[in-house]
Amino acid sequence: AASVVRLLGCLLCLLALRLPGLPAGPGAAARGLDVASYRERVRAMFYHAYEHYLESAFPYDELRPLTCDGQDTWGSFSLTLIDALDTLLILGNVSEFQRVVGVLQEGVDFDIDVNASVFETNIRVVGGLLSAHLLSKKAGVEVEVGWPCSGPLLRMAEEAARKLLLAFQTPTGMPYGTVNLLHGVNPGETPVTCTAGIGTFIVEFATLSHLTGDPVFEDVARKALKALWENRSDIGLVGNHIDVITAKWVAQDAGIGAGVDSYFEYLVKGAILLQDEELMSMFLEYNKAIKNYTKFDDWYLWVQMYKGTVSMPVFQSLEAYWPGLQSLIGDVDNAMRTFLNYYTVWKQFGGLPEFYNIPQGYTVDKREGYPLRPELIESAMYLYRATRDPTLLELGRDAVESIEKISKVDCGFATIKDLRDHRLDNRMESFFLAETIKYLYLLFDPDNFIHNDGSDFDVVITPYGECVLNAGGYIFNTEAHPIDPAALHCCRKRKEEQWEVEDLMREFYSLKKPKKFTLKRASTHGKGEGAKDPEDASSEKGGEKRNSKKSTHSLLSCPSQSFNSKLAVLGQVFLDNT
């Protein structure tokens, strides 16, 4: 236990990224890479996509860049707007952040007859709203008394999360993959859910519980995590899909990629966020099994969860998050070796194909696309903060060049349907603005407030005393929405005591301008640090929510078909002859 505590302490130090003063070694300058220029190119990429979404697709979920129109995909939430909100602040655009906060309050309605993915709604909607809520003051929004323990974005996040709670009402505590936002779980809903769809809630739900005082969110997330842990195989692996009623594994392939990935990610990030020894111990045990059974020459394969025999020798693009996760537990050397393997695939195709056959060194049939995923860039950002290795900036450069050359169209950036001939598909997923652009920008912006080493911070008065915020150590959810871990310590009282305390504070104190203490850093801040608290901050306004769009079709993050197949990933079933 003591070693786990020490590891958690190291993790917080690494997450705070206390590395700005380290020399960059040979550095980008020695290799002729103009970091500032690429940072501005990434900024321009964001606005090219964002402005065309507003012009052509809003209020739909996503932009269709080839036809310059929009479509609802994961619900009917104006999803791209929610996903892009904290990216606006990271780019320093406080005025647009403030405007969008008002738009979301007026326009997003969760009381709609829509079958929504529990997983996707959590990471994109709940996570995006929580992050924006916690960043509101930094963005110049005039927050209400009691913030961060109250606020309109927090109430929206809580409302959305309560819709998802119905999915957790199973004998095992593992949630269904889909829930109807108006009626709950449909009677005929499949009980089969992917592992990631069960184990990717602790970051958002624990944050909600700590901010609102209602423990139910964290409780259901922990129960789901432990259910997966208790159903691991004798050799310490978990499969790809499980029946949430019977706890029987339906797809028994084990790996670190699609359908499993963010379960492992949330064990580590949940441990850091909550300073939780048990979650970290669980991950470290999994990590041993993963190394023993799935790792070959710094690649990670898919194996049978009970036997450990190789079932699929492929690299999936979603696995590229793993080096970044390794860096968070201090395993930087192994992380770099695996990252360099993945980078060779990028260089081969100008992107990461969804599936890459490792022995053959080529794409897998019908899995040649690249939907502008962020995972390799995410790992580059983490590893660059840890090592300052200029190779990682070169990946960022290559990503900018490839995406602009292959994917950019008049109305945004299009999914690459086939990396071999650069055919495009008519979709721009919301994660392009939430994750891909954000991680690229942070890779090229070492002075962004996200990288704060603790020398800048705010002291905010809450109904329960003072708390420190914006000191760094942000924890990104799996949709790249940053959560300030310090905020979880601001709202310790029980929820029912809150308003009585706030009434007393309103009576005796003026809290319109909470105290702020800033210790300026010696270095010059970049564009992202422009997100200060302006005097002309616009106020957060309530308002009745309205949304006239309806959707009755089901779009699942996990498949609804029967599972007599070899492997099922993100709604796609892969048969033995694939």
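**Helix packing and salt bridges in the predicted model**

Helix 6 (residues 118-135) packs against helix 7 (residues 152-165) at an angle of about 165°, and their axes lie 8 Å apart; here axes are lines fitted to C-alpha atoms, for helices over the stretch in contact, and angles run from 0 to 180 degrees between N-to-C directions. Helices (H or I, at least four residues) and strands (E, at least two) are DSSP runs numbered from the N terminus. The structure is a predicted model, in which local features need pLDDT of at least 70 and side-chain atom pairs count only at pLDDT 80 or more, while totals for chains, interfaces and linings use all residues. Residues are numbered from 1 along each chain as its sequence is written, and side-chain values use heavy atoms, with hydrogens and water left out.

Helix 6 and helix 7 are therefore roughly antiparallel to each other, a term applied to angles over 145 degrees, with those under 35 counting as roughly parallel, 65 to 115 as roughly perpendicular and the rest as oblique. The contact (heavy atoms within 4.5 Å) involves residues of helix 6 including Val 118, Val 125, Leu 129 and His 133, and residues of helix 7 including Leu 153, Met 156, Ala 160 and Leu 164. By class, the residues of this contact divide into 13 nonpolar, three polar and no charged, where Ala, Val, Leu, Ile, Met, Phe, Trp, Tyr, Cys and Pro count as nonpolar, Asp, Glu, Lys and Arg as charged, and the others, Gly among them, as polar.

A salt bridge is taken as a side-chain nitrogen of Lys or Arg within 4 Å of a carboxyl oxygen of Asp or Glu, and by this rule the count comes to 30 salt bridges. Lys 163 counts as buried at 16% relative accessibility, whereas Asp 111, at 38%, counts as partly exposed; buried means under 20% relative accessible area, exposed over 50% and partly exposed in between (1.4 Å probe, protein chains only).

A further salt bridge joins the side chains of Glu 278 and Lys 226 (3.7 Å, N to O). Glu 278 belongs to helix 12 (residues 277-293) and Lys 226 to helix 10 (residues 216-230), so that the pair ties together parts 52 residues apart in sequence.
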